[in-house]
Amino acid sequence: MADAPDMMQVNNVSKAFGEDWEREMVIENLSLKIRRNQLTAIVGPSGCGKSTVVNLLAGFEKPDSGQILLDGRPVTGPSKDTLVVFQETALMPWLTTYQNVTFGPKLRGDIPRDQLKEAADSIIETVGLKEFRDKYPLQLSGGMQRRAELARALINQPLVMIMDEPFRGLDAMTRQLMQEFYMRLCEQEARTNVFVTSELEEAIILADSLVVLSNRPATVREVVQIDLPRPRNLEMLSSSQAYEYKRHAMEMLHEEALKSFKGVGSSSDFLESYSRRP
Amino acid sequence: MGKASKRQETLGARAKALVSDLTFRRGVLSILIFLTLWEIGFRFNEWFGVMVPFVGKVDAPSIVATRWSDVVLLPGYWESWYLSMGRVFLGFLIAQIIGIPFGLAMAVNKYFRGMFFPPFEILRPIPPLAWVPASIIFWPTTELSIMFVTFLGAFYTIVINVLGGARAVDIQYLRAAQSMGATQWDLFRKIILPGTLPSIFIGAAVGMGITWEVVLAAEMISGGGQQSGGGLGFFIWSSYMGGVMDQVIVGMISIGLAGYISSSLIRYIGYRSMPWRRMF
């Protein structure tokens, strides 16, 4: 493949769910470019269809209209080239860390047995789980589980790694550590990442470009280039530049979020719904 | 110093650990208290001339123990164990062999489910014992009809648990496997099957309990005096007919022990085959 700048292209994609007589548009004319070796963060108001975007990019769902290209070829179904790291954890509880990490390569048989052990052990070491190689997921802490999950995704060498709110449900401290860890990981090796999150600060500090989605039916409201210097650290969040990004994005998100409460009426309804968001 | 001595050492250590284990001690203590209260309840009449309701009429543990020590020497007693155990395990085994694939097939294939779930659900509420008359007609020997009723007792529970368990396997595991390149067969073998295993063992444990309930009743109803018979259910029934109350209680406790042994066995197999469920 030539040196095409975009790893993925989403062209005018729409997706609706439900039976014919009550179809609900979830995504309408969404166009998006995922740049090679960059981290694209996607944020949007809660319930706007972020997970559907993930499912479309990963090939779990097919668009009703429009086209999704991966490296110039249309996405036809799930494959290791658009690997998803899920919300919460999707480590198989019946496999140890090592078995989880080697799950994909063993299925496909694309890494020779003797090399696989080496590759897996080195990736497990990278994510700092060497001593937990033979433990089951439930024996790991929340942060370790996410790192094991990262290792499992990394060994498959996906073209695009899609992270669907991967740090959700972690306590604040662990979340920060994971963000820093992930930041280093992205900066060390060139990799194309899509990072879907509902945490704006997390998106800003990690991303090269920030995609703000509109309210449902989701479409791209604006793409913000994040020009914070690399290597980054979490302290940069308090810089005036980061603050400006945040303020701008927050404004858009707030506007979009309000749209979904149009007609609901009083502001107390809004607050109530807002506080119940996941 | 060979392997054997090492094994002995660990066995000794295990026994020691068990005796010093508080849960184990509490268990033994509770049984002892229970037996003591039972004994006192029975003796109350001869000591104080007051008949304690219920317990006063049941032969005391000491009497039952004496009777038991006689009964243990009778080959008929052990034959009853053997017969009931055989029926339970065969019925249970067949229920597993048919029930697990049946439940899995209903879980993964909507056409299969559409075909077989409705009749299954209509048959399920029929208590196994209601099948006794019909199964005596169906099957050529009493032995087979008892086994069939035993099979039914376990079958429904196994199928319902497998079906529920397989359908509750988290879709994220399936999607994760899919995006790593799993085929349909891989998904079934590597995700659905291990994901259903805990439910299979829950079904087995509950099914085993029902099997013991059913086999006893079936033996009582159909076992006596016919071409075949025996079993612990028949042992109780004939003791009752002969008016030997302490032997009835021997039979009852034997069933309790037999049930405990069988469910311990299932728990042990479950513990062995699901290492990820035993932690810390």
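These notebook entries record what I looked up in a predicted model of a complex with chains A and B.

**Conventions.** I number residues from 1 along each chain as its sequence is written, and chains are lettered from A, ligands numbered from 1, in the order in which they are written. Because the model is predicted, local features need pLDDT of at least 70 and side-chain atom pairs count only at pLDDT 80 or more, whereas totals for chains, interfaces and linings use all residues.

**Confidence.** I noted an ipTM of 0.77 and a pTM of 0.77 for the complex from the predictor. For chain B, the average pLDDT (the predictor's confidence in each residue, from 0 to 100) is 87, with 93% of the residues scoring at least 70. Within chain B, the mean is lowest in helix H1 (residues 3–20), at 71, and highest in helix H5 (residues 110–123), at 94; helices are DSSP runs of H or I with at least four residues, strands are runs of E with at least two, and both are numbered from the N terminus.

**Interface.** I found 21 residues of chain A in contact with 13 residues of chain B, where contact requires C-beta atoms, placed from the backbone, to lie within 7 Å. On the chain A side, strand S6 (82–85) and helix H3 (103–108) are the elements giving two or more residues, and H3(A) gives the most, with 4 residues.

I then followed strand S1 (residues 6–17) of chain A, which runs antiparallel to strand S2 (residues 24–35) of chain A and is joined to it by 8 bridges; pairing requires at least two bridges found by DSSP.

Definitions and conventions
Contact = placed C-beta atoms within 7 Å.
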